[in-house]
Amino acid sequence: MSKLLEVKNLKTYFYTDDGIARAVDDVSYDIDRGETLGLVGESGCGKSVSALSIMRLIPDPPGKIVGGEILFKGKDIVKMTEEEVEDMRGNDIAMIFQEPMTSLNPVFTCGDQIDEAVMLHQKVSKEEARKRSIEMLRLVGIPAPEQRYREYPHQLSGGLRQRVMIAMALSCNPEILIADEPTTALDVTVQAQILELIKKLQDELGMGVIMITHDLGVIAEVTNRVAVMYASKVVEYSTSEEIFYNPKHPYTLGLLSSIPKLNKGQGRLSTIEGNVPAATNYPQGCHFCTRCKYVDSKVYTQDSKCWNEEPKLEQVDGVSVLHTVACHYWRDIAMKRQKEGDVIPAAAV
Ligand SMILES: Nc1ncnc2c1ncn2[C@@H]1O[C@H](COP(=O)(O)OP(=O)(O)O)[C@@H](O)[C@H]1O
Ligand SMILES: [Mg+2]
């Protein structure tokens with residue numbers, strides 16, 4: 001049987017006045033039923049654009065999917081007609097966005113908006129839709145759902161609004177839920193509740209979930225696998241265990257070292273210096289070379305491979321699961337770190 005979703009060599013570019021923004025460039029990942037994939041990386045790395053490509057929500061112009069396939073149960077979403085896409089959206093694959101206030105319409109009650117999502121895809125009466133909406137509000141843990149159903153988005157807290165968004169996304173029993181930074185706008189305790197909720201619903205409903213975040217710490221407990229994205233590329237891909245306990249890519253190492261709760265008592269919370277380059281202006285070799293702390297170290301001697309040659313994903317040796325990393329010098333870096341007694345942050349918890 002084919003995988004639930006396979007993104008294969010996806011390329012999504014934007015044709016702007018500043019040149020071609022290669023937002024997503026040759027990205028592959030997949031997800032199965034009942035599985036959660038974490039898509040991690042700083043802001044501007046192409047996480048949302050890859051998700052919006054799956055939903056076929058890339059604004060065209062200036063954007064376009066210029067290469068690759070997105071197979072949902074073997075059928076290529078890239079090639080679907082507009083009609084097929086509309087049927088797929090919400091029904092098969094649903095997405096929740098970062099800021100619920102911008103996705104909820106302030107002039108309609110929460111109930112009306114979930115009803116509408118239900119009726120868009122299912123042939124049910126208004127009354128049946130109402131019952132289903134209230135049931136969904138209860139499912140996502142909203143107290144007094146009958147009352148909340150009649151309220152407007154502004155009457156709800158941020159956490160409750162995000163729950164309404166989740167209820168709306170789940171109202172048509174999608175097989176895949178894409179959660180794009182679903183907790184970023186929320187405070188820490190509410191964040192934890194929402195993540196727990198998504199995990200619980202996934203267990204109950206058996207969906208595949210793509211959890212997008214800029215914070216590796218957020219997803220340690222909820223994902224099965226992780227794709228680390230940097231500047232339009234997947235730079236490391238494996239099980240969550242491998243990513244947290246046996247990371248290889250300098251970027252993944254940097255992200256892990258900047259998680260406060262994993263670095264408790266270690267005294268040195270580092271951040272990765274510099275910024276993600278603009279998508280119109282990536283280095284021609286490794287996209288991370290402008291920020292990589294190993295670039296100038298002895299690891300590289302006189303080589304300028306990092307600057308000129310794009311590293312391809314390759315399997316990490318000595319590991320029995322799929323674990324790929326795109327760095328010319330991951331072996332040398334691992335050796336150097338071992339010699340220096342560099343503790344893997346997550347392993348030090
Ligand atoms: N409509 C657009 N026009 C031009 N560039 C865009 C557009 N949308 C996104 N991009 C660019 O694509 C890159 C990836 O963006 P995005 O996927 O939103 O990042 P992330 O979700 O990882 O923060 C960024 O460099 C961003 O500027
Ligand atoms: Mg984003």
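1. Let's begin with the strands: β6 and strand β7 (residues 176-180) pair in the parallel sense over four bridges. Pairing requires that DSSP finds at least two bridges between two strands; strands (E, at least two residues) and helices (H or I, at least four) are DSSP runs, numbered from the N terminus. One bridge joins Ile93 to its partner Ile176 in β7.

2. A word on provenance. This is a predicted model, in which local features need pLDDT of at least 70 and side-chain atom pairs count only at pLDDT 80 or more, while totals for chains, interfaces and linings use all residues. Residues are numbered from 1 along each chain as its sequence is written, and chains are lettered from A and ligands numbered from 1 in the order in which they are written.

3. Strand β6 (residues 93-96) sends Ile93 and Met95 one way and Ala94 and Ile96 the other, and all are buried (20 or more other C-beta atoms within 10 Å of a residue's own, with C-beta atoms placed from the backbone; 12 or fewer is exposed, and in between is partly exposed).

4. Now the helices. The axes of α4 (residues 110-121) and α5 (residues 126-139) come within 9 Å and cross at roughly 115°. Residues of α4 that meet α5 include Ile114 and Val118, and those on the α5 side include Ala129 and Met136 (contact means C-beta atoms, placed from the backbone, within 7 Å).

5. Glu116 lies in α4 and counts as partly exposed because it has 15 C-beta neighbours inside 10 Å. The C-alpha atoms of Glu116 and Ala129 are separated by 8.0 Å, with the two residues 13 apart along the chain.

Definitions and conventions:
Axes fitted to C-alpha atoms, helices over the stretch in contact; angles between N-to-C directions. Contact = placed C-beta atoms within 7 Å.
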